[in-house]
Amino acid sequence: MNLHEYQARDILRQRGIPVPPGEVATTPDQVRAIATRFGDRVVVKAQVHAGGRGKAGGVKLAATPAEAAEHASKILGMTIKGLTVRHVLVTPAADIASESYLGIIVDRAAQRPVVMVSAAGGIDIEEVAARTPERIHRLAVDPRYGLLGHQALGLALTLYRDIAQARAAADIMQRLYAACYAIGASLIEINPLVTTRDGAVTALDAKIVIDDNELERHPEIAALRDSGAEAPSEVAARAAGLTFIKLDGTVGCCVNGAGLAMATMDLVKYYGGQPADFLDIGGRSNPQKVVSALKIITADPSVRAILFNIFGGITRCDDVANGIVQATREFRLTVPLVIRLTGTNEELAVKILTQAGFSALTDMDEAVKQSVAQAAA
Amino acid sequence: MSIFIDQQTRLVVQGITGRDGSFHARQMIAYGTTVVAGVTPGKGGQRFDDTVPVFDTVAEAVRETQANTAVIYVPAAVAASAIFEAADAGIPLIVCITEGIPVLDMTRVLPFVHERGARLIGPNCPGLISPGRSKVGIIPGNICRPGRVGVVSRSGTLTYEIIHQLSTQGWGQSTCIGIGGDPLIGTNFIQCLSGFQADAETDAIVMIGEIGGTDEQQAAEFVQQTVTKPVVGFIAGQTAPPGRRMGHAGAIISGSSGTAAEKMAAFARAGIAVMKRPADVVPLLRERM
């Protein structure tokens with residue numbers, strides 16, 4: 001789960017990391033009032049779960065409260081990478097002397113959290129990583145001892161020559177590392193970590209991604225979810241216990257298991273079609289999940305054919321068949337349906353489907369070919 | 001022979017009285033696996049299906065039944081704890097089926113398991129099966145056939161699809177292992193490849209990867225340097241959208257190396273026969289044997 005910048009800033013502030021002041025607004029009038037209170041130049045920043053906000057025009061500097069309100073009226077409601085901006089963060093414009101990068105992520109290869117820092121912070125950090133990887137310093141942390149003081153200071157000294165600034169940055173790193181485990185983050189980034197003209201080290205922008213598997217034991221973090229900032233179909237899918245990602249094609253796919261779902265999409269492409277979605281109904285099946293899946297797929301007007309690919313293991317083919325029959329009783333399907341199922345309770349499933357007037361295939365390639373042909377017809 | 005499990009496997013099922021644990025314990029017993037014990041705290045002293053003794057702790061189960069392999073079906077919230085317990089009880093092979101364990105929990109579990117000299121398979125995996133001999137996990141026994149192809153995969157149902165392709169065309173398996181789809185797992189491709197390379201009853205290897213991470217690239221290098229048996233490989237996610245990036249840090253760590261195209265190219269460079277679709281598995285094996 002992604003947090004908004006303003007939520008991430010609140011978490012860092014609560015954990016003792018210096019963050020410049022800032023307030024969230026949903027209307028231009030609120031922005032004007034906040035800017036008046038700050039009494040100086042402010043930055044108005046779109047709060048959406050997408051990178052490249054600045055390049056999309058979602059981050060603007062304003063010299064006066066009136067100008068801040070004017071920027072806000074343009075930014076609120078704008079779409080960035082398909083997501084509508086509903087909140088803006090208003091902060092006093094910082095007087096920046098230097099910009100660094102600080103990030104913590106669990107590295108699959110090292111099987112540990114890795115702290116990464118670079119004196120070349122700011123928006124083009126990925127460019128820095130690709131072209132001049134030596135400018136990024138990394139340290140894999142032993143989770144039994146955490147990020148030790150001398151390790152943090154060693155990293156901080158690659159950012160700052162001034163020992164007071166290095167100590168301040170090291171303290172931020174140790175707090176950030178502790179925050180990772182405390183809130184269940186799979187990624188925390190401060191970019192940029194800035195020094196101001198008066199020498200202070202502070203977190204100007206922050207990004208936090210929470211491991212979805214942590215949400216159950218961190219209800220206070222789960223409560224930060226902003227469903228309004230996510231695609232409605234994905235919100236509906238999560239509520240139904242499905243994993244769904246909308247794509248641009250015409251073949252609506254409904255599969256059990258992520259690997260098989262991806263392989264099915266690949267096969268659709270192989271036979272000349274385009275998948276309309278990635279949809280994994282998950283391990284344990286019940287007919288209601290299948291009904292929800294069909295509702296979500298058919299809500300997409302670009303879907304021209306629907307393909308079920310089920311390999312029964314824990315998922316029972318008869319559950320899927322019952323779900324399909326139940327769904328078609330609840331609402332009319334206007335696009336053709338191609339069903340492939342094999343594995344647990346396959347015979348029973350075929351019987352259920354045949355009685356309801358559907359036919360079922362057992363071969364994956366044959367089913368994909370038919371669905372692609374139907375979508376093109 | 002087979003790798004990791006065989007007729008000497010004496011299995012303890014953690015979570016044997018739960019919904020998933022009881023269902024799959026019965027399936028494993030029916031397949032012929034020697035299930036010697038179950039563990040559910042608070043239910044020690046009972047018997048599962050009137051036969052398998054249930055204990056409160058894994059340590060007790062090991063003491064009383066000489067269990068040498070554990071399989072875990074407990075809920076995600078207590079699964080990390082179940083792995084710690086099995087490793088502490090001296091179990092050398094631990095298979096964790098449970099999905100949904102937080103990645104940060106695994107950063108603590110893995111060093112603990114390694115220090116005790118245990119092997120963990122998973123989490124979030126279907127387990128493993130040596131057809132006709134033993135099954136630990138949830139891979140449906142009826143789609144497998146005894147034979148000489150080793151299968152190692154990051155997926156669940158996609159693995160079943162490929163096993164199904166093999167079995168129905170007469171290519172049996174020595175062992176099939178699902179290593180799990182999570183970012184942090186106990187046993188990787190290389191450890192399985194090395195097991196298959198050393199196994200006198202495995203003639204060829206099928207390796208099924210996915211987008212994300214760089215395990216497949218490292219495995220490809222290992223194949224090139226060490227594996228003399230034919231290897232056929234598949235990568236799922238060739239059409240997956242590049243979006244859903246984890247901020248800058250994810251890109252800095254992996255660059256473009258997590259894509260299917262990059263992984264398939266690494267396979268090809270290492271001399272692995274690359275499948276474009278699951279149905280290519282048998283034709284490519286035939287070509288390489």
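The structure is a predicted model, and every value below was computed from it. Between chain B and chain A about 4700 Å² of area is buried, and within chain A the packed helix pairs include α9(A) with α13(A), α10(A) with α11(A), and α2(A) with α3(A).

**The contact between the chains**

- Chain B contributes 56 residues to the contact, and chain A likewise contributes 56 residues.
- Of the area of about 4700 Å² that is buried between chain B and chain A, carbon and sulfur atoms give 61%.
- Four salt bridges are counted between chain B and chain A, and a salt bridge is also described between R144(A) and E115(B), whose closest N and O atoms are 2.1 Å apart.

Two packed helices are described by the angle between their axes and the distance between the axes.

*α9(A) and α13(A)*

- Helix α9 of chain A, residues 258-270, packs with helix α13 of chain A, residues 364-376, at an angle of about 55°, and their axes are 9 Å apart.
- With that angle, α9(A) and α13(A) are therefore oblique to each other, and α9(A) passes α13(A) in a right-handed crossing.
- On the side of α9(A) the contact is made by L260(A), A263(A), T264(A), L267(A) and V268(A), while α13(A) supplies M364(A), D365(A), V368(A) and V372(A).
- Sorted by class, the residues in this contact of α9(A) with α13(A) are seven nonpolar, one polar and one charged.

*α10(A) and α11(A)*

- Helix α10 of chain A, residues 287-298, and helix α11 of chain A, residues 317-330, pack at an angle of about 50°, with 7 Å between their axes.
- This angle makes α10(A) oblique to α11(A), and α10(A) passes α11(A) in a right-handed crossing.
- The contact involves residues of α10(A), including P287(A), V290(A), V291(A) and L294(A), and residues of α11(A), among them D319(A), V320(A), I324(A) and E330(A).
- The residues of the contact of α10(A) with α11(A) divide by class into seven nonpolar, four polar and three charged.

*α2(A) and α3(A)*

- Helix α2 of chain A, residues 28-38, and helix α3 of chain A, residues 65-75, have axes that come within 8 Å and cross at roughly 150°.
- This crossing angle makes α2(A) roughly antiparallel to α3(A), and α2(A) passes α3(A) in a right-handed crossing.
- From α2(A) the contact is made by P28(A), V31(A), R32(A), A35(A) and T36(A), and from α3(A) by P65(A), A66(A), A68(A), A69(A), A72(A) and S73(A).
- The contact of α2(A) with α3(A) has, by class, eight nonpolar, two polar and one charged residues.

**Backbone features**

Most residues other than glycine have a negative phi, and most peptide bonds are trans.

- N191(A) and P192(A) are joined by a cis peptide bond with an omega of about 10°, and P192(A) has its place in strand β10 of chain A, residues 185-196.
- G122(B) and P123(B) are joined by a cis peptide bond, with omega about 10°, and P123(B) lies in the loop between β7 (119-121) and β8 (127-130) of chain B.
- F4(B), a residue other than glycine, has a positive phi near 70°, and F4(B) is found in the segment before β1 (10-14) of chain B.

How values were computed. Residues are numbered from 1 along each chain as its sequence is written. Chains are lettered from A and ligands numbered from 1 in the order in which they are written. This is a predicted model: local features need pLDDT of at least 70, side-chain atom pairs count only at pLDDT 80 or more; totals for chains, interfaces and linings use all residues. Side-chain values use heavy atoms; hydrogens and water are left out. Axes are lines fitted to C-alpha atoms, for helices over the stretch in contact, and angles run from 0 to 180 degrees between N-to-C directions. Helices (H or I, at least four residues) and strands (E, at least two) are DSSP runs, numbered from the N terminus. Angles under 35 degrees count as roughly parallel, over 145 as roughly antiparallel, 65 to 115 as roughly perpendicular and the rest as oblique. A crossing is left-handed if the near helix is turned anticlockwise from the far one by less than a right angle, and right-handed if clockwise. Contact means heavy atoms within 4.5 Å. Ala, Val, Leu, Ile, Met, Phe, Trp, Tyr, Cys and Pro count as nonpolar, Asp, Glu, Lys and Arg as charged, and the others, Gly among them, as polar. Buried area is the accessible area (1.4 Å probe) that two parts lose on being put together, summed over both. A salt bridge is a side-chain nitrogen of Lys or Arg within 4 Å of a carboxyl oxygen of Asp or Glu.
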